[in-house]
Amino acid sequence: MFKQRIPLEEDDFYLNEKGYKVFTEKFHLKRGYCCKSGCKHCPYGYDKKTDSFK
């Protein structure tokens, strides 16, 4: 099963100092689910170290 691809808008991400794409909280909310990757701006409260939600 493939998840729907969401078109990126200008404020959905930024590039960090190493050139990696960092998704914003706005993008995560637009996507509508937690991917459990430990994203920096996760609005769902996922903690990758404990594999749980806060």
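Biologist: Which residues does Thr24 touch, not counting residues up to four places away in sequence?

Modeller: Thr24 touches Asp11, Asp12, Phe13, Tyr14 and His41, where contact means heavy atoms within 4.5 Å. This is a predicted model, in which local features need pLDDT of at least 70 and side-chain atom pairs count only at pLDDT 80 or more, while totals for chains, interfaces and linings use all residues. Residues are numbered from 1 along each chain as its sequence is written, and side-chain values use heavy atoms, with hydrogens and water left out.

Biologist: Why is Thr24 called buried?

Modeller: Its relative accessible area is 16%. Buried means under 20%, exposed over 50%, and partly exposed in between (1.4 Å probe, protein chains only), so Thr24 is buried.

Biologist: What makes the pair Ser52 and Thr50 a polar contact?

Modeller: Their side chains are joined at 2.7 Å. A polar contact is a pair of N or O atoms within 3.5 Å; within protein, one must be able to donate a hydrogen and the other to accept it, and residues adjacent in sequence count only if both atoms are side-chain atoms. The value of 2.7 Å falls within that limit, so the pair counts.

Biologist: What is noted about the phi of Lys36?

Modeller: Lys36 has a positive phi of about 60 degrees and is not a glycine. Most residues other than glycine have a negative phi.
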